[in-house]
Structure formats: structure tokens, C-alpha cells
Amino acid sequence: MAGLVEKIWFENHPLGWIGAPLLWPLSKLFGAIAKRRRAEFLAGTNDAYRAPVPVIVVGNITVGGNGKTPVVIWLVEQLKAKGFNPGVVSRGYGGKAESYPFVVDENTGTDNAGDEPVLIYQRTKAPVAISPVRSDAVKALLPLGVDIVITDDGLQHYKLARDIEFVIVDGERRFGNQHYMPFGPLREQIDRLGSVDFVVCNGGEAEADEIAMSLKPAEFINLKTGERAAADSLDASVALAGIGNPQRFFNTLASLGVKPVHCEPFADHKAFEYTQLDALAKKGQNLLMTEKDAVKCRAFINQYLDIENWWYLPVDAAFSDTDTANILNKIMKVKDGYGSPTA
């Protein structure tokens, strides 16, 4: 079903026009609500929470994963290198914590926090808090000494005031048919891009006023042992991806010279079952996945023996030196208005 929806949104599938009499009015209603919420935020009538530290939003105007999480990780790493103590807030999609706000730690699983917050914490060790009400997550971070907050998604969460906005654009799929949900993938109209601080193009060709970003793969890492391996050493592999655009992962494998015997796309935030992945792994000699998928599979390590051939591929966001300097300069100017970084 998800695949058909994406074909309607991004490939102008004929079934989209069959459903247009129902979807188009709903799309117009969604758009009206989205415009009203932003207007209330701009007018200052929605009681948005203003944190005592800078807030950076990394989001998008379309549904699905465009590469926000790698940008969040990149920002955290850049800011930590500058001597700051950044923290991250997230909705925690896919997780069901007993109570909110919930602060992620070493023992947090994806069933509680969702895959992206766990991945961010494991990669950066920065404080991460989740809550459907993002202002509550921010408040949970403040006692931890956080001096800059980065929100993973939340561009349309106007109950949280922000100082800097990033929009991540899928450089290959762009904005599809340019209709609001559910007739199209838009959460807000394209003219929203003119009001944000940075529009980041993930892959494809960056357009005017966009920053080009690429995702640089590292070596494959064995899920169970932590062993590292080059792409050309993993023969007869099966690939899976449960991310917003699975084809991006499969294209990355192709760029590394990996030709899987089978590729299996899953819905974003898919909750995997061992039997399902075990059956996939048996189709080849190695099972390859994204790092985001791997955090959901760590629970299998101590339960099952036959996962020695499961590997994941970390990727890092990469920007030009000029764009990196411009981004950090903007953040430093905002931070100066709040005071000096913690020692």
C-alpha cells in the first residue's frame, strides 16, 4: 500500500486521479489547517514555548524521510567540537514510552523511544529526549546542561518557537505532485522554503539557494561482533531498507559496487520480526541494512545465534567547507544572543 501511495505522489500513477474526488477535498482541508496553524504562530497567538537556549529545527515540508537524522547527527558533532553541549528532541515515532517526556539512555530500546532517537544517542552520546509535546522534551533536557536544542523533525510543530530552521529536500524525488496530503506528499506549500534559514538538498542536483549535501558511507559493521568490512568483501548479499526512501540505500550500495541478489524495501520505521529477517538472510550469504534498521535489530543479538552475517552501513552527512562555515556562523550569531557556551 505504501508503495502505491508513493507512486501516486511521486510518479503520477493513474490511480491517483481515480481517487482524486475523495483525496483532493481532503488535501484542500489539510492545506487550510496547515496555513492557519502557521499564521497563528507568526501572529504570536498560539502560545508557543520559547526555550532559554537556541532551538534549531531540522524538518521537511514533505512526508517521509529525506535525510533529517544524518543532518541532526552532523549538527550535534559540529557543535560539540565547538565546545557546546547540544541536546536533541524528537517525537519518538514508533516508540511507546510509559510516560513522557522520556530521556534516552544506554538501555533504551526502539520499542520505547523509536529508531531515530536511539540512533542519534548511540552515534553522538548527546542528551536525547522524546515527547509528543516537544516543549516538554526541551524542558527535560535543560537540567542536563544543554545549551543548544536540535529538533529531529518538528518544522510544523508550531507550539515550539525556534531560532533556525533547516528544511531537508530529497534531491531525487523533490516535491512529487506538489499537492497537500493525502493527495500528495506536502505538509506545507513550497513557498515555505523562502522563510527558512537553510534548504538542504540531499542528493540529486541542488537548485538555487539550496545547500548540497551528500551521504558518505563508511565501512560495513557487523551487527553482532562490531567487525568492519569493505563492501567488496561481502558477496551474495541481500539488502533491506526500512527508511523513508529505501531506493536511496540500494543506490548507495550500487555506488559501492555491491550488487545484491535481492533487495527488500520496507515501510519507514518498520518494526521487524526475527523470522522475517532470518528468511531474507537465507536468500544470500550476507544481510545488509541501514544503520537506522540496525538499531531495531540489536534486540536480536542476545536472543538468536544465526545473525553473524548481518551487517549495517553507517552514513555521514557531508557539506562543503563553505556551507559548513556559513551554517556554523549563523548558529554562533544566534547563540551569542543567549550567552556563551558552557565550559
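The legends below describe close-up views of a predicted model. Residues are numbered from 1 along each chain as its sequence is written, and side-chain values use heavy atoms, with hydrogens and water left out. Local features need pLDDT of at least 70 and side-chain atom pairs count only at pLDDT 80 or more, whereas totals for chains, interfaces and linings use all residues.

View 1. Strand E6 spans residues 164-170 and contains Glu165; helices (H or I, at least four residues) and strands (E, at least two) are DSSP runs, numbered from the N terminus. Glu165 has a relative accessible area of 6% and is therefore buried, a term for values under 20% with a 1.4 Å probe and protein chains only. The side chains of Glu165 and Arg162 are joined by a polar contact of 2.7 Å. Such a contact is a pair of N or O atoms within 3.5 Å, one able to donate a hydrogen and the other to accept it; residues adjacent in sequence count only if both atoms are side-chain atoms. Leaving aside residues up to four places away in sequence, Glu165 touches Val57, Leu155, Arg192, Ser195, Val196, Asp197 and Phe198, where contact means heavy atoms within 4.5 Å.

**View 2. Helix H4 and its end.** Helix H4 covers residues 68-81, and its 14 residues reach 20 Å from first to last C-alpha, close to the 20 Å expected at 1.5 Å a residue; the expected span is 1.5 Å times one less than the number of residues. Of the 14 residues in H4, 10 are buried, among them Trp74 and Leu79.

**View 3. Packing of H4 against H6.** Helix H6 (residues 115-124) packs on H4 at an angle of about 30 degrees, the axes being 10 Å apart. H4 is therefore roughly parallel to H6, as angles under 35 degrees count as such. Axes are lines fitted to C-alpha atoms over the stretch in contact, and angles run from 0 to 180 degrees between N-to-C directions. Thr69, Val72, Ile73, Val76, Glu77 and Lys80 of H4 meet Glu116, Leu119, Ile120, Arg123 and Thr124 of H6.

**View 4. Crossing of H4 and H11.** The axes of H4 and helix H11 (residues 321-336) come within 12 Å and cross at roughly 70 degrees. The two helices H4 and H11 are therefore roughly perpendicular, the term for 65 to 115 degrees. Trp74, Leu75, Gln78 and Leu79 of H4 make the contact with Thr324, Ile327, Leu328, Ile331 and Met332 of H11.

Notes:
Buried < 20%, exposed > 50% of the residue type's maximum accessible area, 1.4 Å probe, protein only. Parallel < 35°, antiparallel > 145°, perpendicular 65-115°, else oblique.
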